[in-house]
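The entries follow in the order I made them.

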Amino acid sequence: MSKLLIVESPSKAKTLKKYLGSDFEVLASYGHVRDLIPKNGAVDTEHDFAMKYDIIERNSKHVDAIAKAVKSADSIYLATDPDREGEAISWHIAEILKSKNLLKNKLMKRVVFHEITKSAVEHAIAEPRDISMPMVNAQQARRALDYLVGFNLSPLLWKKIRRGLSAGRVQSPALRLIVERELEIEAFKSQEYWSIHLDALKHSHGFTAKLIQLNNEKVEQFSVINHDQQSDIVGKLLLASAGKTTVSRVEKKQRSRSPAAPFTTSTLQQEAVRKLGFTTSRAMRVAQQLYEGMDVGSGTVGLITYMRTDSFSIAAEAVAQIRDYVKKNFDAEYLPKSAVMYKTKSKSAQEAHEAIRPTDVSRTPASVRLYLTDEQFKLYEMIWKRALACQMAPAKFDAVSVDLSVGGDANLFRASGQTLVFPGFMAVYMEGRDDVIAGDEEENESKLPHLETGEVLTVEKIYGDQHFTEPPPRYGEASLVKILEEYGIGRPSTYASIISTLQDREYVLLDKKRFTPTDVGRVVNKFLTEHFSKYVDYDFTANLENALDSVAEGEREWIPLMDEFWQGFNQQLLSKADVDRPGNELIDEACPKCGKPLQKQLSRYGTFIGCTGYNDTPKCDYKRSIGGAAQAGSDPIVIGNDSETGKEIMLMNGPYGPYLQLGLAVEGDKKKPKRVSVPKEISLADMNLETATMVLSLPRDLGLHPETNKKIVANIGRFGPYVNHDGKFKSIPKTDSVFTIDLAGALALLAAAHTGPAPLCSLGSHPTEDGQIEVFAGRYGPYVQHGKIRATLPKSVEPESLTLDEALELLTAKLAKGEPAKKTTARKAPAKKVATTKTVTKSTEKKPTPKKAVVKKTAIKKATIKKGTVKKAVPKKPAI
């Protein structure tokens, strides 16, 4: 009997084929196979929200391969990912096969496994089920909602603000969070306050206490607000103390800290950002590789369970295995008497899923280190340690709190300290934090000397510390994911795409690992919150997510839910058709050229001050930057005057992007004004006179090359910053800057040009060939490479967000165009087209050989992909 198993990923297909043997053919769909047609009417709101799908063009060949395999198969197993999206992909595949009349007298079943191990896969195939239509309907409703919001709101943004903008059901509330935090920061007014401290001494052991009570009144944060007040208090306390303080209270108790729950998608993303410096998309990409399977010497196996989950639960068998590992490798007190159970707080969590854990805890990070890339090892180690720690005993501390009186019990200082007496789970893993608050008791307590009530100690000094309140911090990736989850906006599997979309649309910038809204992001958010407040409301978005969860659980029908949403949303759209264009705000200032009012205006490059008489006759074209920051537009914007030449520095927009120009061209003067492109790393919103002067200082002379005695120059060209020596150019990486690179750094770059570039990241092993698939930074942009095959990444794809499947698609497409195995300096004869193949090959000889042969694509593949082995790094120190 012929059996066909269909999965999403070719990497997973490769792993499963080894488990299932010759009875099964395993094919990959390469992700989604159908999507809504990209035009109006894809969701028919008049006829029960009927959805018009079309096969995704890039995956049509994979659909054809599946259809061909189905013809000769007796049983078809749909083994796409174990979530709603995977369920929907299985349904789409089934619908395509039904439309082709390929399922007559054939068995088609859905199989689900949460880890790719031989036993889990065999168990899933032994217990198949039907496709879950409630889960499919929930996913269809989600897709329809996203379509209706995006397809109707985005054109309104184009009309009212500018073309190319978009609004999303989930991305818009996320943008609102970032903008509102920025407005909080801007509106924040710092307040001064003082804390009063006492340094005491017992024998040679000194410690510090903080004033908590003054004249029988509790001391609050703003009890002391200026220097004079604290000086007066300190003087009185010094007099009252006479150099001595009395211990009025000693309290001792034992404290404990329990381990964090095992990873969910959300907490994994947060910790990967905090501890490993990953982006959320990079964390998910690497987790996908670990889930789909790695060759660890004894064969290919999935190292972790499915990485899209919101459940804290762990299978009983896995808990038993973890506890057994702790028992064998740690002292008895590290193992709790009973298993530690974690209950998911989220109502929408799917408890049938597991938390993210290693598939086999005995497969330690140290034992698989040689088979993993650095980023794979780091993430696996973190997942392994967190899962191990969650079943270990709490950490225990001896905590002491002491009150010291000065001049009687009316004035009290308090000191706290703690000592770790048993590390428990902390011996393995400690959870990271986004923003450690100054004065955090647990993080900052120190060890105190042994003290008894009534004991008199020496006062070394009493003094005040000045403080200023600080604004709330901007969101980083980890804290944004955390707040999205708290508000119920989106679901963990969508957080990475939400963040990527906000950046791709240039609504936010990630600067120093913190999100700042752009001018465009602010305007879009203002427009949506003013005119579509309900649909960017946090509670509304969360309630809609909960409603979709109810559909997935079979508690609610999806069409009435869609109808309820559409009626209100459509009415809102119709009522807002004639709203005013946002972005232009009058300011209380007159134009220095014509006297008419000035206004803040939004251009494609940001916000600037412009004259309201721009469209009048005669036209007034006065423009200037905001707060010293200028944005490029169709007309030049004067930033200031150069201190050396006195000429105006102007920000202008050219065919290759914004540039700075020093002065205007003078008629009859053959020498053109100096122009320098604005580097991409410099935000136009940050362009002031100081920054502009620095940019115009280019090119920079770095000095002479020690071997050739010729100049090395740093500059910016059409393709970005570079160093130039003797006619040879080398791009300056993002980790360095054209403004700060020195002679030593330039020499290192030029030397590296002869040894080849280092990859930006590795996507893992090729599923059917030897060797790694890696992403590099090239002169014309990033590219993906396997062996000798290179494929440039599309502009819309960031290197860190590229998946292995997408990379394989790019490489396959490049291979189909006949990528030569090796470039030669000899002149090559023109290739002849062969009728039986689209692939064109080039001869490496100067003259074509007389013999003609049809070259198959498989032959080209073998010739062009060089087999290699994965470079293995031996860890300096074995991991736990």
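Does Tyr77 count as buried or exposed? I looked up its relative accessibility, which is 9%, so Tyr77 counts as buried. I note here that the model is a predicted one.

Entry on aromatic pairs. I found 20 aromatic pairs in the structure. I took the pair of Phe24 and Tyr77, whose ring centres are 5.8 Å apart. The planes of these two rings stand at 45 degrees, so I wrote the pair down as tilted.

I then checked where the two residues lie. Phe24 is in strand β2, residues 24-28, and Tyr77 is in strand β7, residues 75-78. The pair therefore ties together parts that are 53 residues apart in sequence. Phe24 has a relative accessible area of 7%, and I list Phe24 as buried.

I looked up another pair, Phe527 and Phe532. Their centres are 6.4 Å apart and their planes are at 50 degrees, and the pair is tilted. Both Phe527 and Phe532 are buried. I followed the ring pairs onward from there and reached a cluster of Phe527, Phe532, Tyr535, Phe540, Phe565, Trp566 and Phe569.

Entry on charges over rings. I noted that the charged end of Arg181 sits over the ring of Tyr475, at 4.3 Å from the ring centre. I also noted Lys275, whose charged end sits over the ring of Tyr429, at 4.0 Å from the centre.

Entry on the sheet. In what order do the four strands of the open sheet stand? I read the order as β2-β1-β7-β8, and the pairing is parallel. The edges are β2 and β8 (107-110), and each has a single partner strand, so one side of each is left without a neighbour in the sheet. From one strand to the next, the twist averages 20 degrees.

I went through the pairing of β1 and β7. Strand β1 covers residues 3-7, and four bridges join β1 to β7, with the two running parallel. I found Ile6 opposite Leu78, which is in β7. In general, the strands of a sheet pair through backbone hydrogen bonds.

Entry on the helix. Which strands does helix α2 lie across? I wrote down β1, β2 and β7 for α2, which spans residues 60-71. Helix α2 runs at about 160 degrees to β2.

Methods: Residues are numbered from 1 along each chain as its sequence is written. This is a predicted model: local features need pLDDT of at least 70, side-chain atom pairs count only at pLDDT 80 or more; totals for chains, interfaces and linings use all residues. Side-chain values use heavy atoms; hydrogens and water are left out. Rings of Phe, Tyr and Trp (its six-membered ring) pair if their centres lie within 6.5 Å; planes under 30 degrees apart count as stacked, over 60 as edge-to-face and the rest as tilted. Buried means under 20% relative accessible area, exposed over 50%, partly exposed in between (1.4 Å probe, protein chains only). A charge sits over a ring if NZ of Lys or CZ of Arg is within 6 Å of the ring centre and within 35 degrees of the ring normal. Two strands pair if DSSP finds at least two bridges between them. Axes are lines fitted to C-alpha atoms, for helices over the stretch in contact, and angles run from 0 to 180 degrees between N-to-C directions. Contact means heavy atoms within 4.5 Å.
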